[in-house]
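The entries follow in the order I looked things up.

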Amino acid sequence: MYYLGIDLGGTNIVAGVVDDDGKIIVKANCKTSQPCTMEGISDDMAFVARSAMEKANITTADLQYIGIGAPGAVNSETGIIEFANNFNFHNWEIVKMMEERLGMKVYVENDANAAAYGEYCVGAAKDANDAVMITLGTGVGGGIIVDGMIYSGSNYAGAEVGHTVIQHNGRLCTCGRRGCWEAYSSATGLINMTKEACSIQQAPNYLLYQMIGGDLSKIEGKTAFDAAQKGCPLAKSVVDMYLDYLGCGLVNIINVFQPEILCIGGGISRQGDYLLEPVKKIIERDRYTKHNKRQTKVCIAELGNDAGIIGAAFLGK
């Protein structure tokens, strides 16, 4: 049996044909048109889905359904994205449009939820009854699995963990609130902290500044980590501050949900143990359940950018 999942992003649309074991057989992709319309993106997704099927030498007759992971407040029951902030779409009847284009059953879920479901099905959270996945990318995304089911909340906008506050009246977040975890622990937050460090008077004396040639526009999410691992004390201070904020938010998640597994994905998670080990120490120090025998396992997600495709492909299962 084969399954097909589509990961709709603000930059790219990727479709993958997946087998029963959760392995992606082939992928196809295209750029996400900007500016765009609901009809235009639906056309693009249908094109990418057909391209993936063609590469895998299958047709819609070989599939029972197609699954989509999409950003925004996704009502998985009605198949409507009530609000997609990336595209400024309201009440997008995505399932109806895609079923018209592909002639088969379509399921849709929030992209972060789909990624968490992928990790739950075949990744780092496999066999866990309750799990949480945190994605550290442009923002801080969250996906929550409770009793083997995706938790979406009463209005399908649940698991927006990036918009919980860890610093009262702190940094301004893109959502308009101040002090959100996302403003500190996303790649964007880390880049902003790195820029601030490189703007101090003594910065030219440090490797961190020299690595970017004094050009703040060259700073990426991994820049401070790279410099810190080469012994730069300025970069290490940035990384330590970042990890402290990250750990604070993770402790909050654990204290609320007490999942069996909490896995960390997204671009920054590629730092591996250099990120994970200090964060584990913060969790060990600050968690509420210090004396419980059963503790949350914290690990790096296993599926990388494929998690959303695999999770979307398995939505109908």
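I began with helix 9 (residues 273-286), which lies across strand 9, strand 12 and strand 13 and runs at about 160 degrees to strand 13. I took helices (H or I, at least four residues) and strands (E, at least two) as DSSP runs, numbered from the N terminus. For angles I noted that axes are lines fitted to C-alpha atoms, for helices over the stretch in contact, and that angles run from 0 to 180 degrees between N-to-C directions. Contact means heavy atoms within 4.5 Å.

I wrote down the ground rules next. This is a predicted model, in which local features need pLDDT of at least 70 and side-chain atom pairs count only at pLDDT 80 or more, while totals for chains, interfaces and linings use all residues. Residues are numbered from 1 along each chain as its sequence is written, and side-chain values use heavy atoms, with hydrogens and water left out.

I looked up the strand order and found an open sheet of five strands, 11-10-9-12-13, with mixed pairing. Strand 11 (149-150) and strand 13 (297-300) are at the edges with a single partner strand each, so one side of each has no neighbour in the sheet. Two strands pair if DSSP finds at least two bridges between them. Strand 12 (residues 261-265) and strand 13 run parallel and are joined by four bridges. I checked Ile264 and found that its bridge partner in strand 13 is Ile300. Helix 8 (residues 233-257) also packs on this sheet, where it touches strand 9 (131-136), strand 10 (140-146), strand 12 and strand 13. The direction of helix 8 makes about 155 degrees with that of strand 9.

Strand 4 and strand 8 run parallel with five bridges between them, and Ala70 has Asn110 as its bridge partner in strand 8.

**Pocket**

Which strand gives the largest share of the lining of the second largest pocket? I found that strand 8 does, with three residues. A pocket here is an open set of points on a 1 Å grid over the protein atoms alone, where a 1.4 Å probe fits, with protein on both sides within 12 Å along at least five of seven lines; lining residues have an atom within 4 Å of a point. The lining has 13 residues, and Ser76, Glu109, Met149, Ile150 and Leu315 lie nearest the centre. Strand 8 (106-110) and strand 11 each supply at least two lining residues.

I noted that the peptide bond from Gln34 to Pro35 is cis, with omega near -5 degrees. Pro35 lies in the loop between strand 3 and helix 1. Asp147, in the loop between strand 10 and strand 11, has a positive phi of about 50 degrees although it is not a glycine.
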